[in-house]
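Hi there,

Here is the structure I promised to pass on to you. Have a look at it first, and then read my notes below.

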Amino acid sequence: MIWRTVLFWLLMANMGGAVELSLPPSARLTAERDTAPDIYAAPVTVFKENAIQTLRIEGDVRRSAWKIEIAGTTPLQIMRPIRSQLEAEGYTIILDCDAYSCGGFDFRFAIETLPAPNMYVDIRSYQFVTAIKGTTNAPENVVTVLTSTETSSAYVQIIQVDVPMSDRAPSATPQVEVTAEATDASGFAQVLLDRGHVVLSALEFDSGTSSLGDKTFAALENLASFLKARPEFQVVLVGHTDSVGLLEPNIALSRSRAESVRQRLVQQYGVPNDRLDAHGMGYLAPIATNLTAQGREANRRVEAVLLPRNN
């Protein structure tokens with residue numbers, strides 16, 4: 001298949017990291033919509049348990065839809081060259097699914113899609129990718145691509161978010177979050193109030209399991225003390241893993257570890273059930289590189305996310 005350069009940029013030129021994509025020669029722009037500044041909710045998980053998890057990014061949002069006059073292709077055939085180009089430019093693919101694994105009808109109507117006839121989506125035959133530069137905690141650029149096909153045509157939707165330089169977190173910030181948690185109760189409370197979340201440090205789980213060790217953990221004592229002193233708040237416990245293994249098992253493991261922490265807080269420290277919730281993100285929200293042992297260790301964590309209490 002011969003491909004030609006299509007005249008659009010995934011990133012703003014002033015970011016110095018523009019990526020020029022290629023689509024087939026017959027590609028025709030059918031719609032575009034730019035909003036700046038704006039918020040885009042980029043999907044990071046498939047549709048499961050009646051929802052998809054998203055990464056909300058503030059920045060310059062650019063949307064485009066393309067129709068390609070080409071017969072006998074599949075969404076994957078259209079997606080693969082685009083995905084390869086993104087990977088070659090240093091993007092990390094954090095979600096890659098087809099109609100069945102994404103969640104079919106439910107996923108399609110949970111995501112932002114440009115209206116028909118400019119963008120056609122067969123709910124039984126599409127491919128979706130979310131790609132990111134930076135990390136999910138400190139994104140620089142985010143791109144989502146949706147492809148679908150009909151008898152004689154293919155359709156491509158591209159949504160891109162460029163986070164302005166002034167809004168980007170310093171590269172060292174995620175590492176600071178790993179080490180900044182104070183061991184005393186007052187310092188812990190201050191970090192949680194200032195940042196809205198905190199890593200529950202020094203928790204110990206049996207290797208590959210969600211079994212929390214029997215020892216006393218200062219982070220749990222501090223969190224329990226905080227919740228007892230501040231009845232206007234509740235907490236979501238979010239488990240995270242490193243990138244070893246497949247996504248779904250890692251999400252399940254991270255959720256189980258967060259649930260183990262929740263049960264310990266309820267049973268040992270008397271925190272009411274309705275003040276705590278537990279979820280898992282697997283390896284989708286790293287705070288360090290997964291290319292080193294030290295980074296993988298930092299990414300294996302449970303965080304407490306602060307919310308106003310639902311009365």
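**What I found**

pLDDT stays under 50 over residues 171-182, a stretch for which the model has 22 contacts beyond four places in sequence. Residues 1-18 also stay under 50, and there the model has 57 such contacts. Keep in mind that this is a predicted model. Where pLDDT is low, the predicted coordinates should not be read in detail. For the protein chain, the mean pLDDT is 84, and 86% of the residues reach 70 or more.

Next, some backbone features. Pro-37 sits in strand E3 (residues 27-43), whereas Pro-117 is in the loop between H3 and strand E6 (126-134). Ala-202 is not a glycine, yet its phi is positive, about 65°. Most residues other than glycine have a negative phi, and most peptide bonds are trans. You will find Ala-202 in the loop between strand E9 (197-199) and helix H6 (218-229); it counts as exposed because its relative accessibility is 59%.

On the surface, Phe-105, Phe-109 and Ile-123 make up a nonpolar patch with about 300 Å² of accessible area together. Phe-105 belongs to helix H3 (residues 104-108) and, at 48% relative accessibility, counts as partly exposed.

Is Gln-234 buried or exposed? Its relative accessibility is 12%, so Gln-234 counts as buried. Gln-234 is part of strand E10 (residues 233-240) and, beyond four places in sequence, touches residues including Leu-227, Asp-274, Arg-275 and Asn-310.

Enjoy exploring!

Technical notes: Residues numbered from 1 in each chain as written. Predicted model: local features only at pLDDT ≥ 70, side-chain atom pairs only at ≥ 80, totals over all residues. Heavy atoms only, no water. Patch = residues over 30% accessible without salt bridge, like charges linked within 9 Å, V, L, I, M, F, W, Y side chains within 5 Å. Areas by Shrake-Rupley, 256 points an atom, 1.4 Å probe, with all protein chains shown as cover. Salt bridge = Lys/Arg side-chain N within 4 Å of Asp/Glu carboxyl O. Helix = DSSP H or I, 4+ residues; strand = E, 2+ residues; numbered from the N terminus. Buried < 20%, exposed > 50% of the residue type's maximum accessible area, 1.4 Å probe, protein only. pLDDT = per-residue confidence, 0-100. Contact = heavy atoms within 4.5 Å.
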